[in-house]
Amino acid sequence: MAYSWDDPGIQDLWTLTIDESALLPGMTDKGRLGFAVQLKFLELHGRFPNSHDEIDPKAVQWLTAQLATTVETLSSYELGGRQGQRHRRIIREYLGYRPANAADLQKLGQWVCDDILPFDPQARHGHDMSLDWCRTQRLEPPARNHLGRVIRTAVHSYEKRQQAAIYSRLSPHNKAAIDQLLASEDSDEAHSEESAIISFSNLKTDPGKANLDSLLVAIAKLKCIDEIRLTPEVFQDVPAKFVDQFRQRCATESIRELRRHPNAIRYSMVSLFCWRRQQQLIDALIDLLLQIIHNLGARAEKRIDKRQFAAFKKVRGKARLLFKLAEATVDQPEGIIKEVVYPVVGQKTLQELVAEFKTMGFDFEREVQETMRSSYGHHYRRMLVPVMDALCFQSNNIVHRPVIEALDIFKSNRDSQQQYYAADEVPLNGIIQKKWWDIVVEQDKEGNDRINRINYEICVLRALRKRLRTKEIWVAGADRYRNPEHDLPADFAAKRDSYYELMKVPKDADAFIEQIQGSMRQWLTTLNTGLPGNPKVRLRQQGKNLIHLTPLDRQPEPLNTAALKREIGRRWSDVELIDIIKEVDLRLNFTSAFRTSGSRETLDPELLQRRLLLCLFGIGTNVGLKRIASQQTSVSFEELRYVKRRFVQKDALRAAIAEIVNGIFRIRSPLIWGDATTACAADSKQFGAYDQNLMTEWHARYGGRGIMIYWHVDTNSTCIYSKLRRCSSSEVAAMIEGVLRHCTDMEIQRQYVDSHGQSEIAFAFSHILGFDLLPRLKAIARQKLYVPTMTDAEQYTHLVPILTRAINWSLIRQQYDEIIKYATALRLGTAEPEAILRRFTRSDATHPTYKALAELGKAIKTIFLCRYLHNEPLRREIHEGLNVVENWNSANDFIFYGGRGEFATNHVEDQELAVLSLHLLQICLVYINTLFIQEVLADPAWRDRMTADDWRGLTPLIYHHVNPYGRIELDMARRLAFAA
C-alpha cells in the first residue's frame with residue numbers, strides 16, 4: 001500500500017516510541033538514523049527498503065528532528081552493508097519478524113489462489129496484497145523478482161486447476177459439439193448467416209443495427225451455442241472474472257492457435273467463451289427485441305405524421321372559390337363539370353380542398369394502430385416464434401403473470417392459422433391498453449366478443465417491453481436481464497449487521513428517520529429565517545415558476561493566467577503529444593498494467609512498451625494503427641494489431657488510468673492546487689459513431705446518431721472515471737457507477753451534476769452511499785419543498801408558496817431493510833448500477849421499494865434545495881465544478897481528432913477501448929501540464945504575480961503548447977526538459 005506524508009496520522013507512524021529509542025544507545029549518529037529508518041520502514045511497509053530512493057525525505061527529516069542529527073548522515077549509511085545487515089537482525093528480533101522460507105512461500109501461493117485470484121484472476125494487485133499477508137504473518141518477504149515468480153506460479157496453478165475442473169465436467173457431447181464448432185471455420189459457407197453453419201468467428205461478432213435481420217442472426221448464433229448444451233454445473237464455483245478473462249483470451253486467438261492447445265485448455269477455454277457469449281447474446285437479443293418493439297410504434301407515428309402533413313395543405317380564399325363555383329354553375333346549369341367547373345376553379349384545387357376537410361376529421365391514434373398492424377403482420381411477425389423459442393421469460397410477481405400466460409398461448413398456437421381468439425381464451429387485464437381496446441376486442445356476427453390475434457400480439461409485445469425494462473419480467477440465462485433477486489447480496493439476512501456497519505447507517509429505521517427529520521427542520525428553518533433578507537431569492541405567489549433566483553454575478557477575468565500560458569509555451573513550445581504520453585510512462589510505468597491475454601509473454605519488455613505507447617496513441621487520437629505504423633520504420637501494422645489484440649484490454653486501461661490519476665495526486669503541490677479535493681463533477685458528451693450496432697442511438701436533445709461518454713472530473717481537471725453509454729441510458733446510473741468504481745485514491749464526498757444526472761432516487765441512494773449530490777437544476781423555478789409533518793408547515797410562513805405535503809415516513813420505515821439491501825448491492829457491485837436502477841422508474845411506480853426511495857429522495861432533495869437557495873457560495877461552487885467538466889469536454893476534440901472525431905467501428909469493445917485510450921491521453925496531458933505549471937510558479941517572481949482570481953482560474957488542462965499532428969516519431973531516449 002502506498003503512503004503519503006500528507007496522509008492523516010502518518011507522522012505518528014514515524015515517531016519513535018520509548019522502547020524503540022532504548023535500542024539506539026551506543027550507536028553513532030549515522031547508525032542511529034539508519035537503524036530508525038529501517039525499523040520504521042519495516043513497521044510501515046512490512047519489508048526493509050532496497051534503496052534510499054524508497055525512503056520519504058520528509059520522514060527522514062522527521063526522524064532527524066527526534067534524534068538530533070542531520071539528514072546528510074544517512075547518505076553514507078549502506079542499507080545492504082555489514083552495519084545495515086546487523087541492524088536488520090536486531091530489528092527482526094525486536095519486531096518478531098523472520099525471513100520467509102520455502103514452506104512460507106508455498107502457503108503464500110495457496111493464499112493467493114484462495115483469496116486473491118477468485119476476485120483478481122491476473123493478480124494485478126497481487127504484489128501489494130502479498131506484502132500485506134507477509135506483514136500479518138510477521139514474515140520478511142523475498143526480493144521483488146522472487147515474489148513475482150511466486151505469484152505467477154500461483155496464477156498458473158490456479159488457472160490449470162480451474163481448467164482441469166471444467167474439462168472434467170464436460171460431457172462427450174459437449175466436447176464433440178466444440179470440435180464441430182471449431183471445424184465449421186473450414187467450411188465454404190463459414191460466414192453464412194444460417195444457424196446450421198454459424199462459424200466460431202461469427203460468434204465473436206456483435207449484433208448489428210436493431211432490425212429483423214439482426215434479430216434473426218442473433219437467434220441463429222444463440223442456437224449454435226445451445227447445441228453445445230452447456231449447463232451451469234460445468235462452471236460451478238468458477239468466478240465471473242475468471243470466465244471473462246478466458247472469454248477475452250479465447251476471443252483474441254485464431255482457430256489455429258486454439259487447436260494447438262492441449263485438450264484441457266482448448267475445451268475449457270472454448271466452453272468458457274461460449275458460456276459467457278451465450279449470456280451476452282441473450283442480453284443483445286433482448287435489446288434488439290425492445291428496440292424493434294419501440295420502432296414499430298415510433299415509425300408508424302412518423303409515417304402517419306408525414307402522410308398527414310402532406311395531405312394537410314390549406315387552401316386559401318375559400319369564399320372567393322365558392323363565389324366562382326356558384327357563378328359558373330348558375331350560368332351553365334346544364335353544363336358538364338369538366339367543361340364548366342374545372343376551368344374556373346381547377347381540378348387540383350378541388351382535390352386539395354377535399355383532402356383538407358378529410359384531414360380535419362383524421363383519427364391519428366387509429367391510423368397509427370392500423371399502420372403498426374400492417375408493419376407487424378407483413379414483416380415483424382416472423383420474429384415472434386423464433387424469439388419465443390430462444391428466450392425463456394419468467395417473473396417473480398403474480399401481477400405480471402398475464403403477460404407470461406399470453407406468451408405461453410403464443411407458443412401453444414404457433415402452428416394455428418386462426419385469426420381470432422375467444423374472449424375467455426387469453427388474458428386481457430394488464431395487457432391491453434385502454435386506447436387499444438376497441439381495435440383488439442371485436443364482435444362477431446352474433447354479437448360475441450372475440451380477440452383480434454395480430455392486434456393482441458402487438459399489445460402483448462408492448463406490455464412485455466414495459467416489464468422487461470423494469471425487470472418485472474426477466475429472462476433465464478441472461479446477465480443484465482437476469483432474475484433481479486440475483487442482483488442483491490444473497491447473504492444479506494445472515495450478515496445484516498455487518499452490511500449496516502459497512503453502509504454506516506443506523507440499524508433502527510426510526511433512528512434513521514429522526515436524523516433526516518432533524519436535518520429537514522434545521523434547513524427549512526434556516527431558509528425561512530434568511531429569506532426576507534436574501535435579495536437573490538424571491539418567491540412568487542402564483543403561477544408555475546414560483547422561485548425567482550437571480551443569476552450569479554460574473555467573476556472578474558484572471559489577470560495573469562494568459563501570461564502564464566505564454567510562459568509555458570515559451571519554455572516548452574510545440575511539445576509532441578506522443579512525447580507527453582511517453583514521458584508519463586517513463587515516470588510512472590503505467591504500461592506495466594497491460595498483461596497479455598495469452599498464457600505467457602514473449603515480447604521484450606522495452607519493445608512491448610514502445611508498441612503499447614504507439615497503440616494507445618493511435619487508438620486515443622482516433623488516427624488508427626495503420627497510419628501509426630506507416631510512419632514507423634521499426635514496427636508494422638500487423639505487429640501493432642497483435643499488441644492491441646493481446647494486451648490492450650478494458651481492465652488494463654482502467655488500471656493504467658488509475659495509476660496516472662494517483663500519480664497526479666502525488667505530484668500536486670498543495671501551495672498551488674490546495675489540499676486534496678473530495679469534490680467531483682460529472683457530465684456527458686456526445687460523439688458521432690457508426691450506427692450498425694446496439695450502442696449507437698439517436699440523441700433526443702442533441703440530435704444526430706452517436707454514443708455518449710460520461711466523465712467524472714475533479715475540481716482540478718483530472719478525470720478519474722469514464723463510461724461509454726447509450727444516448728438513452730440513465731445518467732444517474734452512470735454517475736453512481738463513477739463514484740463507486742473509480743478505483744483511484746480520491747474519496748468523493750461532493751458530486752456535482754446537471755439536471756439529467758439527478759432524480760429523487762439518486763438523492764436517496766447518494767445519502768445512503770455517503771456522498772453529497774449537488775445538482776444544477778434547470779427547472780429550479782418549479783421546485784417544491786416537502787415538510788417532515790404537516791404541523792411543521794405552520795412554522796415556515798415565508799415558504800408557503802413552495803411548500804407541499806409531508807413525507808410519508810411509514811413507507812420508508814416499512815421498506816428500510818430493502819432500501820439498505822439495494823444500496824449494499826450498489827456498494828458491493830453485485831450488479832451494474834443501471835441493472836439495479838432499472839427497477840426504479842416511473843413506469844413501475846407501484847413497486848413498494850420505489851415508493852419508499854422516492855419519499856426518501858424527496859426529503860433529501862428538500863434539504864439540498866434549502867441549502868441551494870439559502871447559500872449563494874454553494875450555487876457558485878456547483879457552477880464552477882460543472883464548468884470544469886465542460887472544459888474537459890472541450891479538450892476531447894483536440895486529442896480525438898482522427899476521422900473527424902467519429903467512432904469508426906461497430907464493435908462495442910473497440911468503442912470502449914477508444915474511450916479509455918482518449919481518457920488516458922488526456923490525463924497524461926494533465927500530468928505533464930501540472931509539472932509545467934509548478935515549475936513556472938516555483939519562480940518567486942511568477943508566484944508573487946498571481947492574484948486570487950488567477951489561483952481560482954488556474955487549470956492544468958491547457959493545450960496551446962501541444963502539437964498532436966504531423967509525423968508521429970517515438971524516441972524513447974528523448975525526455976522532456978524539467979528543472980527538477
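Q: I'm looking at β5 and β6. How many residues sit between them in the hairpin, and what is the phi of G447?

A: This is a predicted model, so keep that in mind as we go. β5 and β6 make a hairpin with 5 residues between the two strands. In the turn, G447 has a positive phi of about 85°.

Q: How many bridges join β5 to β6, and which way do the strands run?

A: There are 3 bridges joining β5 to β6, and the strands run antiparallel. For one spot to look at, find Q443, which stands opposite D449 in β6.

Q: What is the strand order in the open sheet?

A: The sheet has 3 strands, in the order β4-β6-β5, with antiparallel pairing. At the edges you'll find β4 (420-422) and β5 (441-443), each pairing on one side only. From one strand to the next, the twist averages 45°.

Q: And which residues of β6 are the bridge partners of Y421 and Y420?

A: β4 and β6 (residues 449-452) run antiparallel and are joined by 3 bridges. Y421 has I451 as its partner in β6, while Y420 is partnered by N452. Then look for helix α22 (residues 453-469), which packs on the sheet and touches β4 and β6. The direction of α22 makes about 65° with that of β6.

Q: Now the helices. Which residues of α29 are buried?

A: Here's the general idea: an α-helix has 3.6 residues a turn, so residues three or four places apart point the same way. Now the case here: in α29 (residues 637-647), the buried residues are L640, V643, R646 and F647. Looking down the axis of α29, they fall within an arc of 140°, so they line one face of the helix.

Q: What do the buried residues of α29 pack against?

A: They pack against α12 (240-252), α13 (255-260), α27 (605-621), α28 (625-630) and α30 (650-667).

Q: Let's take α27 and α29. At what angle do their axes cross?

A: In general, two packed helices are described by the angle between their axes and the distance between the axes. Here the axes of α27 and α29 come within 9 Å and cross at roughly 85°. That makes α27 roughly perpendicular to α29.

Q: Which residues meet where α27 contacts α29?

A: On the α27 side, look for L608, R611, L612, L614, C615 and I619. They meet E639, L640, V643, K644 and F647 in α29. Sorted by class, this contact has 8 nonpolar, no polar and 3 charged residues.

Conventions. Residues numbered from 1 in each chain as written. Predicted model: local features only at pLDDT ≥ 70, side-chain atom pairs only at ≥ 80, totals over all residues. Heavy atoms only, no water. Buried < 20%, exposed > 50% of the residue type's maximum accessible area, 1.4 Å probe, protein only. Helix = DSSP H or I, 4+ residues; strand = E, 2+ residues; numbered from the N terminus. Arc of directions from axis to C-beta. Contact = heavy atoms within 4.5 Å. Pairing = 2+ DSSP bridges. Axes fitted to C-alpha atoms, helices over the stretch in contact; angles between N-to-C directions. Parallel < 35°, antiparallel > 145°, perpendicular 65-115°, else oblique. Nonpolar A, V, L, I, M, F, W, Y, C, P; charged D, E, K, R; others polar.
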